[in-house]
Amino acid sequence: MLLNAADYREKARRRLPRGLFEYIDRGTEDEQALTRLRGSLDAVTLRPSVLSGHASRYIGTTLFGRGLPTPLVVAPTALAGLVAHDGELKLARAAAALGIPFCVSTQSVTTIEVIRRAAPDAALWFQLYVWRDRALTADLLKRVRASDCECLVVTADTQMSPNREYNQRNGFGIPFKPIVRNVADMAVHPGWLLGVMLRYVLAGGVPTYGHYPPEFRSAITRASVADAVRLRTDLSWDDVKRLRDEWPGKLIVKGVLSVEDAKLADGVGADGIVVSAHGGRNLDCLPSPASCLPAIAEAVGDSMVVLADSGVRRGTDALKYLAMGAQGVMLGRLPLWGLAAGGEEGARAILSMMLREIDTAMGFLGVENIAALRNPARWSVEAVN
Ligand SMILES: Cc1cc2nc3c(=O)[nH]c(=O)nc-3n(C[C@H](O)[C@H](O)[C@H](O)COP(=O)(O)O)c2cc1C
């Protein structure tokens, strides 16, 4: 029975090749950021208003001028298309069925155009990794605009390639290399091998980053193209300002952890920020989002939309971020575990489970809506047992 996020994670672990599962699941270096951000969420408590007399709760909210039935957003996750065949299409449809926006990663397997065609009614956002070649990045943005994406999420915390030593050990990487370790890993996960990898191969080739130039896949031209689409190490606020001028929709900066940077984002005209530690996947000495969020929300919450992510595994985790000042919460690994465990239906089921958990906890807390949660008197931090 799949009753909570841990159940889905365990099913995902059994179904996916080890290299792919670890790529999704783990952190970076000694995984202290990952442990810390989970610990910081566990330490937050929420105080109820008893006997509040509310018979029902409304968990809808407004983000960037759009009324939404929930405060959740599916975070951008690279290579979701490897977790299930057409994984990004499945995530888009699962999220759309619940009115949840889906943020497509620059590093998705399936392109934004194909995702849009498969989910015409979805609220699609797009996450941008700025490539070294500005002209290629500009072309990508044109495609995103033509695909009717509401929000552009510029990731600000991935200017270096993280030290994920386990990926070196297990051989996972893109472009996919059929080395002995990978082949053996796939062979002991036949469900994934036949249901995901083989279906891609039969349809035309080994899956890779769909938005990258076609030459990226070819061994011959790869070196030069790989350089053009390497993530910029020198990304600056001037780049965000330039993107602000170019992008007509909402602009969000993802990966902000200080009041100073939040104010800079506000200053260049961003519409929102994501207070995020990238799920503990990039820099191992980062503070936890829960420890940074209240001051950031206090400083810029009136002028920008503040979202938060990292470590959400329960409805109550999302409520904690909302109580501490976030207006919306992104989920990264959680929908991927649902997708791995049960495809589109699994992704929808895990998101529905989160919504049920949110509703139950709001009932216990005696809050009628999300706005009633956002109150400094509602939360505190206690030592974890
Ligand atoms: C497998 C995986 C791939 C990711 N790829 C991206 C990405 O392409 N761009 C990005 O901005 N964040 C990426 N992230 C980070 C998520 O957007 C999000 O910040 C993080 O997963 C939130 O933490 P959680 O997984 O604990 O919910 C990725 C996360 C995972 C787990």
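By class, the residues lining the largest cavity are 7 nonpolar, 3 polar and 1 charged. For that count, Ala, Val, Leu, Ile, Met, Phe, Trp, Tyr, Cys and Pro are nonpolar, Asp, Glu, Lys and Arg are charged, and the others, Gly among them, are polar. Before I go on, a word on the source: this is a predicted model, where local features need pLDDT of at least 70 and side-chain atom pairs count only at pLDDT 80 or more, while totals for chains, interfaces and linings use all residues. Residues are numbered from 1 along each chain as its sequence is written, and side-chain values use heavy atoms, with hydrogens and water left out.

So, what is a cavity here? On a 1 Å grid over the protein atoms alone, a cavity is a set of points where a 1.4 Å probe fits but cannot get out; a pocket is an open set with protein on both sides within 12 Å along at least five of seven lines; and lining residues have an atom within 4 Å of a point. Grid points are joined across faces, edges and corners, and a volume is the space filled by probe spheres set on the points.

The structure holds 1 cavity of 30 Å³ or more, and about 80 Å³ of space lies in the largest cavity. Its lining includes Pro 17, Leu 82, Phe 172 and Trp 192. Two elements, α2 and α9 (180-187), each give two or more residues to that lining, and α9 has the largest share, with 3 residues. Helices (H or I, at least four residues) and strands (E, at least two) are DSSP runs, numbered from the N terminus.

Now to the pockets. The largest pocket has a volume of about 1300 Å³. Which residues lie nearest its centre? Of its 49 lining residues, those are Tyr 23, Gln 107, Pro 162, Arg 164 and Tyr 209. Elements giving two or more residues to this lining include α2 (18-25), α8 (165-170) and α16 (333-365). By class, the lining of the largest pocket divides into 22 nonpolar, 19 polar and 8 charged residues.

The second largest pocket comes to about 630 Å³. It is lined by 33 residues, with Ala 156, Asp 157, Thr 158, Gln 159 and Met 160 nearest its centre. At least two lining residues come from each of β7 (151-155), α12 (237-246) and β8 (250-256), and β8 supplies the largest share, 3 residues.

Let's step back to the whole chain, with its 17 helices and 12 strands. Its radius of gyration, taken over C-alpha atoms, is 20 Å, close to the 21 Å from the globule rule (2.2 Å times the number of residues to the power 0.38) for 385 residues, so the chain is as compact as a globular protein of that length. Buried residues make up 55% of the 385, where buried means under 20% relative accessible area, exposed over 50% and partly exposed in between, with a 1.4 Å probe and protein chains only.

Is Gly 346 buried or exposed? Gly 346 is buried, with a relative accessible area of 6%. Leaving aside neighbours within four places in sequence, Gly 346 is in contact (heavy atoms within 4.5 Å) with Tyr 8, Gly 338 and Leu 339. Its C-alpha atom is separated by 8.5 Å from that of Ala 94, 252 residues apart along the chain.
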